[in-house]
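Notebook open, model loaded. I'll jot down what I look up as I go.

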Amino acid sequence: MRAQNRRQKLFFLIATIILTILIVGGGRYYLHSVRPIRIAAGPAGTVEYRFAAKFAELVTAKASDVRVSIITDESAAAATSRFARGDADLGFVRTDQKFPGSARALALIEHFAFILVVPKGSKIGSLGDLRGKKVAFVTSESGAEALFRSILTASQVEPDRVTLQPLPGGTAIEVCSLIDPFQAAILFASLSALAETKRFDRMTKIEVKAIEGSKALECKVAGTTGETIEAGLLSSSPKLPDEDLETVGVQEFITVRRRLSNTIVAELAGVILENKNALAIGNTFATRIEPPDTDEDAFIVAHQGVSDYTDNEVKSLLDCYSNLFYIRTSVAGILRSLSAAIYTAITRVKPLEPAE
C-alpha cells in the first residue's frame, strides 16, 4: 500500500512538471508567434506593389512578430474590393476613390496635383478660359479624367465645351502646349514625380498655372484636397513655378482595417515613418511620406494605433494587460488552493487499520 502511494506521488509529480512545461511553452509561443498581415497591392509592377514589397522586407527586418505577405490582383479596383471584403489587412486608397468604412489611415504616402500648362503669353489663365479649346490631358493615373470633369462642373464650366485629348503620362510637355492642335495641357501627376522627372527643365516658352479655387473645390468635389506646388519644384532653370501655387489634387494613403490590434498598427506605423527614404520608389513615388491626420473629422480617420505611436503613448505589455494580470492572479490563487486540496486528498498515505 505504501508502494502504491509512492507511485501515485511520482505520477502526479511528473504530470505536474509536464503540465507546467506545456503552459509555459504555450504562453511563450503565443507571445512570440509571428502574426501574418496581408496587403492588397494590386497588379505586379505598379508603384503600389513595389512599395508593398519594400515595406514587407522592412517589416521582416524591423518587426519581431509581424510578417507582411503581398496579394496580387489584376487591377487597383480589384485590390480595393479585396480590402473592402476583409480578405486583406492593408490596402492603398486614393481620396477620390470609394473606400470601405472599416478603413483607417496608416500613413499618407503621396500627393497628386492638377496643373495647367500654357504657352508663354497665353491668355488662358483659368478653367473658364478652356471653353472651346482643345486640351491635352496628360496622366497615367486611372480615374483622373472623370475627376477633372467633376472639377470642371463644380467650377461652372460645361465639360462638353472643353475637348480633352488623353495622352500618356510620359508625353513631352512640348507636344502638349507648344504644338497645334492643343492650346493648353492639364497635367495630373504625383508631386514626387513632378519634382524628380525634370521634364520642365530649360523650357522657357511655357507657363505653369494652378487650378484656382482649391478651397472651394474641396467642399464641392468629394475626395479633392488643396495642394501646394512649391516655387522651383518643377524646374530650377527656369524657375517653375516662380512662386508657390495653390492648386487642387488628391492624396493617397496606405490603410489598415479598423479592428487590427493597436499594438500591431503602432509597430507598422513605426516601420513606415522611421524608414521613409528606404520606401521611396525611384524618387518618383512615396518621397513625401507623412503621418495621417489624427483629427476625428479627417477624410480618412487615422487608426488609434497610429495616434498612439505619434503621441508616444505606445503602452508596454504590462500596461496593456495589467488588469488581465490581476484577474488571472486572483483566479490562479483560487485554482491553486483547490488543486492543493485535491492533490493532498489523492496522494496522501493511507493509514493502516489495526487489523493490518
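I take contact as heavy atoms within 4.5 Å. This is a predicted model, so I keep in mind that local features need pLDDT of at least 70 and side-chain atom pairs pLDDT 80 or more, while totals for chains, interfaces and linings use all residues. Numbering runs from 1 along each chain as its sequence is written, and side-chain values use heavy atoms, without hydrogens and water.

Leu-130 next. Not counting residues up to four places away in sequence, I find Leu-130 touching Leu-116, Ile-124, Val-135, Phe-148, Arg-161, Val-162, Ala-184 and Ile-186. Leu-130 is also listed with Phe-51, Leu-106, Phe-114 and Ile-254 as having the most contacts inside the largest nonpolar core, which has 59 residues. A core here is a set of buried Ala, Val, Leu, Ile, Met, Phe, Trp, Tyr and Cys residues joined through side-chain atoms within 4.5 Å. Buried is under 20% relative accessible area, exposed over 50%, partly exposed in between (1.4 Å probe, protein chains only).

Then helix H8, residues 262-273. Helices are DSSP runs (H or I, at least four residues), strands likewise (E, at least two), numbered from the N terminus. Nine of the twelve residues of H8 are buried, so I note H8 as largely enclosed by the rest of the structure. Among them are Ile-264, Val-265 and Leu-268.

Last, Asp-201, in the loop between helix H6 (191-196) and strand S8 (206-210). Asp-201 counts as partly exposed because its relative accessibility is 22%. Beyond four places in sequence, Asp-201 is in contact with Leu-234, Ser-235, Ser-236 and Ser-237.

Methods
The expected span of a helix is 1.5 Å times one less than its number of residues.
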